[in-house]
Amino acid sequence: MRPAHTEDVEGSSRLGSFARRLHGVGPLLGLVALCIGGTLLNPDFATFDNAMNVLTRTSFIGIIAVGMTFVIISGGIDLSVGSMAALIAGSMIWIMNALAHGVGGHTLAPLAIIAVGIVLALVLGGLFGLAHGLLVTKGRIEPFIVTLGTLGVFRAVLTWLADGGALTLDNSLSDLYGPVYYASLFGIPVPIWVFLIVAAGGVIVLNRTVFGRHVQAIGSNEQVARYAAIRVDSVKIVTYVLLGLCVGVATVLYVPRLGSATPTTGLLWELEAIAAVVVGGTALRGGEGRVIGTVIGAILLSVIANILNLTSIISVYLNAAVQGAVIIFVAFLQRGRR
Amino acid sequence: MSLAVRFDNIEKQFGPVRVLHGVSFDLAPGRIYGLLGENGAGKSTLMKILAGYERPSAGTFSIDGVVKAFDSSRDAEATGIVLIHQELNLADHLSIVQNMFLGHEKRRGFFLDELTMREEARARLADVGLHKHPDTRVRDLIVAEKQLVEIAKAMLRDARLLIMDEPTATLTPAETQRLFALMARLKDAGVTIVYISHKLDEVELVTDEVIVMRDGRFVTRGLTAETTRQQMANLMVGREVSDMFPDKPILADDARVAFKVENDYVPGWAENVSFSVRGGEVFGFAGLVGAGRTELFEGLIGLRPRTAGRITLDGEHINPRNPRAAMKHGITYLSEDRKGRGLHVDMALKDNLTMMTLERYAHPLLDAQAERDALKKAVGDFGIRTGNLASRARMLSGGNQQKLALAKFLHPDPRVVVLDEPTRGVDVGAKRDIYFLIHALAAEGRAVIVISSELIELIGLCHRVAVMRGGQLVATLGPGHLTEERLIAHATGTH
């Protein structure tokens, strides 16, 4: 109404968007600083091979964290992804081994068996996500509780499948499957390509599609979204299914690495994935977040581990402690943004 | 015993929005003041400052000649200033007595003195005429009973200056009468009372003097006995009330029935409600808080379960199970709770505008430029004043937020649009803009339904007004019958 007001509004929002922009590059600045530090501490850090090594290791958590970004922005959480990955890995290996030994006198070609395994991983991931989504929306149970429950269920079922030990992929298959993790395309390992594709897909879906906008709207204020004729339940279910698929993809890449699943497979992955999302600038309360931030967050966390490995300033055993301190520090920087 | 208050150039700013612009006046001890003003005039904010809930951005106030600055409502209560809130401030899970003594619990040694507290609570509840056991949980009370608990709670604090913000909004006439008797007793005991109300007949009945505020400024004051109700209304609005409203568009006798509801049931809220609205008609819904108006329409668009009823839209029977289905049929509903249900205040203006119809902008990726163009158009069409199109909805003033919300719920181009308290918390200028917008919508042939607690608004705006009481539609008043007295009588059941 009064011109003075509009000026105020303009001024403060300009300031606000500047602060947001600065905030957006925060994780990137942190990553650059870490890389410079790493290079100074050990010249081996800044080699192409080491960079590829770090990124390959990042890709499992990174792919899961991209899916987790959607769940967290919509106001949810999934604590079960580590156990889910373990169970999917175990089920894949179990089925593939069974097929390799032949069913009813027939045997499939090894390539077909691996294809079946991969499809199974994706289907299982999608189904587990669907179950989470249905329990959260139709069952009206807190996502924290639902996924805390399945965290226990998934890992226990795997332990039972493996009879307390390890499920190991048949040798005839692991040689064929190995390249999915170990091979390179144009000098860059396959898992990094997949990570890149998943991340790029995540960026586009979150920022440029109806679904992505609805995810943000639900996290920002679920009630408003409901009144704005958004199908809140369906959107939430899809976020959990997407995350399940991401876990499936990550597992498909992970299985050929060691060729086995044990009760400790994927242990604490959920915390690393959530940490990557939070370090990347997505608020745990939902509403706002960036996929690129998550990617940087995931890389940042594994760079920390890598530097500790390459240098002897702090024991490798304290890796988790350093990561934990970084997470708390980032949360400290984000505090007070409303 | 009594308190004298003097406000000296009080200013208050919330973010970019200035709600008080240098208010000065004083209150003499032992009188009952009616504080008048429209929504957004700044009455509640000024009283919250006096009661220690807010601090002034500039200016001071003094109590009995001494300049005071309260750090908290507790500070103010220690001085004898107690505010009874408009929005009820009770902890739902606690009992009546626990709420009444919250923060002021009586102890015997280390332990709570339940017995004394319960006895005192019982005595105060009897004063206000609430016959409930003090151990009843507050969540089991209806809104009017909660209001009485708030008043009883204030009685406990030995108030010397009592501020009542719309205390009768939810009360029945009998309860209101008992409250007035209580106020007279308090006045005799030397308590100063500031009474904020939109019900001018009550103000006329119970106050000694009226003080009028408008747009965050003190306007005038005068003895109640020397001021007519019409004068009060005109002073509040700042112009002849009749100028606020555009001429009602003439409704053709043969205008088609656009929206018809028959024998609708929303369990717990609406029983056997039937009405019909014609294209081009502005149809009002009056009623007390809790009469079921909001819930009826939440049911009709699928936000609440309906157990029976038939909805006909342009001759076609529909049964929307969720707001999306309702929108596809051509009905949208703008909630009374703008920040909690109407707008994503932390999201961009364009995101809010296109939220309901985002599919239009996806081919399949979202076209941000088309969204910005739509925003530019809406800003012009709806007169939204903003310096920066890229800002968030939070940065707009209340009136401009409301215009954005209107634009959002009209973006799907509905045939029937339901507006719940469309002018709540907006200033007079924006109010008038919104009234003209509503009539423009009707002139386009839409059926417009307005739910409002401001009777003047319903009378000035609507062709016909339905009145709900206790979940039932008790009357529909047409031209020639639309008066405040009739609406109140039907809403309270005293005609």
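Visitor: Which residues of helix α14 of chain B are called buried, and what makes a residue buried?

Guide: In this predicted model, the buried residues of α14(B) are Glu371(B), Leu375(B), Ala378(B), Val379(B) and Phe382(B). A residue is called buried if 20 or more other C-beta atoms, placed from the backbone, lie within 10 Å of its own, exposed if 12 or fewer do, and partly exposed in between. Local features need pLDDT of at least 70 and side-chain atom pairs count only at pLDDT 80 or more, whereas totals for chains, interfaces and linings use all residues. Residues are numbered from 1 along each chain as its sequence is written, while chains are lettered from A and ligands numbered from 1 in the order in which they are written.

Visitor: What covers the buried residues of α14(B)?

Guide: The cover includes α13 (349-354), α15 (398-410) and α16 (428-443) of chain B, where contact requires C-beta atoms, placed from the backbone, to lie within 7 Å.

Visitor: Why is α14(B) called a helix, and how does its span agree with its 15 residues?

Guide: Helices are DSSP runs of H or I with at least four residues, and strands are runs of E with at least two, both numbered from the N terminus. The rule for the span is 1.5 Å times one less than the number of residues; α14(B), residues 368-382, should therefore span 21 Å, and its end C-alpha atoms are 21 Å apart, which agrees. After the helix comes Gly383(B), with a positive phi near 65°.

Visitor: What makes a set of residues a nonpolar core, and which residues touch the most other members of the largest one?

Guide: The members must be buried Ala, Val, Leu, Ile, Met, Phe, Trp, Tyr or Cys residues joined through C-beta atoms within 7 Å. The largest core has 172 residues, and those touching the most other members are Ile64(A), Met68(A), Ala85(A), Cys246(A), Ala250(A), Ala273(A) and Val450(B). Its largest share, 16 residues, comes from helix α11 (residues 232-258) of chain A.

Notes. Contact = placed C-beta atoms within 7 Å.
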